[in-house]
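Please view the sequence and the model together while reading.

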Amino acid sequence: MLVCKKILIAGVGGQGIVYLSNIIVEAAMLSNIPVSVSEIHGLSQRGGVVTSGIGLGEHTTGFYGTAGIDLLIGLEPLETQRCLSYLHKNSCVIFGNYRVQPYSVNAQMAEYPDINSFAKYLGEQCKEVVFIEKFPEGIDAVLFNVFLLGRATRMKDFPFEANKIEEAIINTVTAYHKEKTVKAFKLGVEFELKKQSA
Amino acid sequence: MGNEGIARAALEAGVNGVFAYPGTPSTEISEIFNHINNFQNSPSNQEKYPELTVDPVYFEFSINEKIALEKAIAFSIGNRSALCVMKNVGMNVASDALMSVTYQTIGAPLVIVVCDDPGCHSSSNEQDSRYWGPLASVPMFNPATPADAFEMIKEAFVLSGKIKLPVIVRTTTRVSHTRGIVTYGNINNENRIANFDRLPEHINIPARTAAAHTRLLDKLKTESVLALLNQNTKVVLNSNKTKLGIISSGVATSYITELLHQNDFTEKVCVLDLGMIHPFPESEVLAFLKKGFEKVLVLEELDPLLENCIRIIAQKNNLNLTILGKGFSGLLSTGEFSIDLLKKVLEEYLEVPFNKNENIPLDNFEKYLQNLPPRPPALCAGCPHRATFYLLKLAIPREQSELILCGDIGCFGLGALPPLKMLDTINHMGMSISMAQGLYESFNSSEKGKKVVALVGDGTFFHSGLSALVNAVYTRANILVVIFDNRTTGMTGHQAHPGASRLPKYHEIDIYSLLKGLGIEKLEVINPFDIRESFKKLNGAMEYTGVSVVIAKAPCIFLPDFKDKIDKKMQIVVDPNLCNSCANHEDVSLACSRCYAPKNNLSRAKAKLIAEISIPGDEQLCPANICNHGFFNSILEGDYKSAVEIVRDKMLFARTCGAICHRPCELFSNENSVVPIKKLKHLVAEIDQNFRDFSIPMKRVKNAVKKNKTIAVVGAGPAGLSAAYDLVQNGYEVTIFEKENKAGGMVTFAIPDFRMDKTGYDYEAMQLEEMGVKFQFNTSLGKEISLEKLAKEFDSVILSIGMNKSKTIDLIDSTIPSAKRTDALSFLKSFNLKEEIIKPGSTVLVIGGGNSAIDTARSAKKLNVLNKIIVSCIETESTMPAFAEEVKHASEEDIEFIHDSFVETCSVGKDGELNVVLHSHEKKTFLQNIKCDFIITAIGQTTDPSLFAQIQIDENQRVKSENSFTGYENVFVAGDISSGNNMSVIGAIASGKKAVVAVRKSLENYKYAYEGEMALERLNTNPAPTLHLRKAIVDDDIQVEIERYNLFQSCQKCNHCIDNFGCPAMVKVNGKVQIDMSRCNLCGLCIDVCPNNAIRFEVIEEEELEPEEII
């Protein structure tokens, strides 16, 4: 029985959210796990919010509700925070500090939330929280998604082995981007949080 | 994805042609066929994959849904099976075609896919397209999952072929955009040969319609329909342990099956899913209802369509059970369902809590969701639409006009959101041009006729804008239509359209030629990134009466046309010293209330765009540190009150300076390349209502932090008054001592009344009293008060006693009787007091070349036009210290100048006539003899030297260092007695301000130098340059006249790009704009947008460039 049945990927248009969910779907299919995905990306190309819910197992849809998400992968801190109501005390969260400042913040109509205090709160509330405060150098910003997924594979409840995800990446990525993508993924798998704090 | 499943199923069903109009959430279906079509039509693929390309599936994005459906119907009548794809509102456009063909017949199968959008994720309404089934009497499927959709499409094709009717498959966003596992079958390669049968049904005439209607309804009762109804009405959960039933359809079934399974409640309820909803599966539903339930709950998104059918069946069959639906536990006809909603509904219906998995929400999570910044979609970085909107914003200032902008559907609809906010209406697709002409007619009849603007995207223009434009031309509407031609249908994912076909299989229609053909006379094509040229054309089109059209043509950033032009070796940088920093004063706490004028002041940006002459602000500095740039831009904006306030931010005398300032700010360039600040100051300060309102400086005094320090100012001339003005606004207590009986000093006594209206000056000076400054008149230094006493009693003293003792020439004093001579100051004072000390018709010799000499000469002339005035000065015309303007006035008044001359000897003739011998100053040789009646010496002033016995003074009796006064550490000097800056009113004002800075430095650790120092310095080193007179600006043409200029400098309060442009690549960090190069598309428009000229292109250093990727 899977511990992690529902995964939510949240971020901003252009961050590769749909691509990440495709990798997970592929991994599920390689593992013979029924999978279903629900995406909202109406105006994604115009900098809007994009979310992708993934359901694993029989009779599980990609739809999600309050306290219904077991693993949240946040590609943008504000959008991670926006998904808070979907988390529960046994949820796992991984998110990166790659900010995309919305117009309301630039125009000083709203303040970007304090992400460190949010991360601290999450750490106290959830089962496992990984906050990548600073992405290691040498990774193209467009591959932060794959890097984050790599690090996610080391989380306790992550439903797939890293090599299954790697196989899924190889199956879904175009030959041109394969090397870079796999490299970013592996960097994520091997990424040590200790190094970051040093 | 559901949409992919639909496309695959259509292929498996052997579809021959697909006709579509893009629209979320349906677009992916059409895109797949677009791709297939391109693939199959490529000659290289035809060679490589002959079996895949043998009978290509025809595909087109038709210009609109009506054409798509009409063409699909015709395609089917030609015996080729067709799929027609559109979003919910597309069906409205297509419905005319649907409603009649059902009475007739089709040929090969025709399936229509219509995608609804409950919750309006990306649509202008959430209409329930299920009504089209009963309305048009066609079979309709309503899948719950991608797998359902996949199967139903195939069934729909088969059914359509059998009953010769179009069949509709209706999905919703949550079906179309859900991914799930679907097992593919084989693609049907059956080749349908095109064929047309001359059937009577193809001719639809009234005589046949009644019979046709009966025939249509009969088709829905055929065996094949009934079989499918039965097959698609499924009991998904069955239990004999319950008296509760649910009938659901569409995505509701997915939600509840998940909820029931996850919570192990599958035996608590029986669930019937309706996959085919028209004709209504009456017998299947009746059978379900008869299972002995107490209650049946109907779950369907949007309208209670099925619920009503079920209630009818129950009523017709006298069934004794409760039917629940809309209204039960928060079930509404609006919005979409969600897991949370249906969980609540099931809990209430089944009367059990759904908390089996014990997922407990986080504590107080609501706190972290409060006030999160919203993230609305925005036009992309580099989007040409933003460029066009920005142009419109500058060309059509919305704050000041009642102009209506009618928008339309598409990416550019985002222009309605902040910061652009350039749309007043958005209706259904294609409405903009009709809206504009209709509004125009409304106003036209009420004599408030005005041009109305329609904004429409290029795709929408072809979809349904064109016919509206034809109507506008036909009815002679006065509208401007701006076509946002970004060379693609942007919003739905960059599909081709007739104006931008991109493929050889399509013929591209040139919008310009098309519109020329309509007879539109005012027709412009602009490149919105060429912002200057576009601005002119846009204005021209706006001014035209009749239909004018501007085609704003530049490619969407996703098109190769855009991408190929990006120079990746470049980056865009913002100079932090120019962005949001004040070029006027380092001390940002200085009053500068309106530098930036009203929040949406666009004048700075507009000036940058249209001005012929751009002048850096530091070329027109004011010694009193007035923000000339802010002043000028307020006037550009038409905000004259703010302009006056900007002057008063720094000094008291807006009207006085408007009258007599010698405008050092304008002196350093030629007359055509400076902003006429003085003239403008005069114009705005003369508006009495604004002039008399001193509430803002008063408020500053009131709000100032009290310093509890007292300052004595000696001398109530412009320097002393200015010092008091700054002091009192900084919280000091000020007492002014003045030897005369009123304030004003030299301006009051020595400037002839004809040069200015003194009442304004008096009013300005009087404001200080209102601000709490104390005046002690008739109090002279050295008589009633002593410097020692003041220095002791006050925290600081500012001496600004002026130089009111005229210098004289001994030769004249000793030779000429006192009745026939005087000095300039005495004369001007008597002139202002209207005393007549010169007999009319006299010849008067004025000696001196300074401003007093000119004032004296002009005053003497004013006394009596018969007076002949001669001015003798040692300087040449170009070196004389008097202001050239004044000299010019004097010359025009027939005052004679003898330059390079001095009085060698003089004597009194027998008849009392004065004989003066003038020699050349330079050559010391005889020049000429002059006979005159009166001599006035105007060779400058001095002060009583006894006052400064111990002080270092220069040859003009001026205190050498204005900030220290030897012997008294708390005494400072200002005005004429300080060295330099003695030439003018503005110099006096500046020196008063400078003395205040010195006082503040000594009393409150103020750390900034006097901010006007540079201009003051310039004033001293070059006190009297030649100046040509500018053509006068009159009030009426002020706005037009000054539009030629752009006086720019960086401003600390500028937020123009964020407030008005809002490119997502611009990020504001710590008050400064930065460009996020990961989002920037290098369009470079921000460079033109920044009024501070802070943004520029820069070549990326070689080592920063990543090595070229090897493919």
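Which residue stands opposite Leu72(A) in E5(A)? Leu72(A) has Val93(A) opposite to it in E5(A). The model is predicted, so that local features need pLDDT of at least 70 and side-chain atom pairs count only at pLDDT 80 or more, while totals for chains, interfaces and linings use all residues. Residues are numbered from 1 along each chain as its sequence is written, and chains are lettered from A and ligands numbered from 1 in the order in which they are written.

Helices (H or I, at least four residues) and strands (E, at least two) are DSSP runs, numbered from the N terminus. Two strands pair if DSSP finds at least two bridges between them. Seven strands make up an open sheet with mixed pairing, in the order E6(A)-E5(A)-E4(A)-E1(A)-E3(A)-E2(A)-E7(B). Strand E6 (128-132) of chain A and E7 of chain B stand at the edges with a single partner strand each, so one side of each is left without a neighbour in the sheet. Within this sheet, strand E4 (residues 69-74) of chain A pairs with E5(A) in the parallel sense over five bridges. E2(A) and strand E7 (residues 178-179) of chain B run antiparallel and are joined by two bridges. Here Val37(A) stands opposite Arg179(B) in E7(B).

Two helices of chain A lie across strands of the sheet. Axes are lines fitted to C-alpha atoms, for helices over the stretch in contact, and angles run from 0 to 180 degrees between N-to-C directions. H4(A) lies across E5 and E6 of chain A and runs at about 160° to E6(A). Helix H5 (residues 144-152) of chain A lies across E4, E5 and E6 of chain A, at about 135° to E5(A).

**Contact between the chains**

Two residues are in contact if their C-beta atoms, placed from the backbone, lie within 7 Å. By this criterion, 51 residues of chain A are in contact with 49 residues of chain B. On the side of chain A that touches chain B, two or more residues come from each of strand E2 (35-40), helix H2 (77-82), strand E5 (87-96), helix H3 (103-106) and helix H4 (115-125) of chain A. E2(A) gives the most to this side, with six residues. For the classes, Ala, Val, Leu, Ile, Met, Phe, Trp, Tyr, Cys and Pro count as nonpolar, Asp, Glu, Lys and Arg as charged, and the others, Gly among them, as polar. The side of chain A that touches chain B has 25 nonpolar, 21 polar and five charged residues.

**Domains and a second sheet in chain B**

Domain bounds come from an automatic or database domain assignment. This assignment divides chain B into domain 1 (2-219), domain 2 (233-350), domain 3 (384-563), domain 4 (570-576 + 1054-1104) and domain 5 (805-942). Taken over C-alpha atoms, the centres of domain 2 and domain 5 of chain B are separated by 110 Å.

Chain B also has an open sheet of five strands with mixed pairing, in the order E8-E10-E9-E12-E13. Its edge strands, each pairing on one side only, are strand E8 (233-237) and strand E13 (322-324) of chain B. On average, neighbouring strands of this sheet are turned by 20° against each other, direction ignored. Strand E12 (residues 295-299) of chain B pairs with E13(B) in the parallel sense over three bridges, and Leu297(B) stands opposite Leu324(B) in E13(B).

**Helix pairs**

The table sets out two packed pairs.

| Pair | Angle | Axis separation |
|---|---|---|
| H1 (residues 17-30) and H6 (residues 162-172) of chain A | about 115° | 8 Å |
| H12 (residues 282-289) and H13 (residues 305-316) of chain B | about 65° | 10 Å |

Angles under 35 degrees count as roughly parallel, over 145 as roughly antiparallel, 65 to 115 as roughly perpendicular and the rest as oblique. H12(B) is therefore roughly perpendicular to H13(B), and H1(A) and H6(A) are likewise roughly perpendicular to each other. The contact of H12(B) with H13(B) involves Glu282(B), Val285(B), Leu286(B) and Leu289(B) on H12(B), and Ile310(B), Ile313(B) and Ala314(B) on H13(B). These residues divide into six nonpolar, no polar and one charged.
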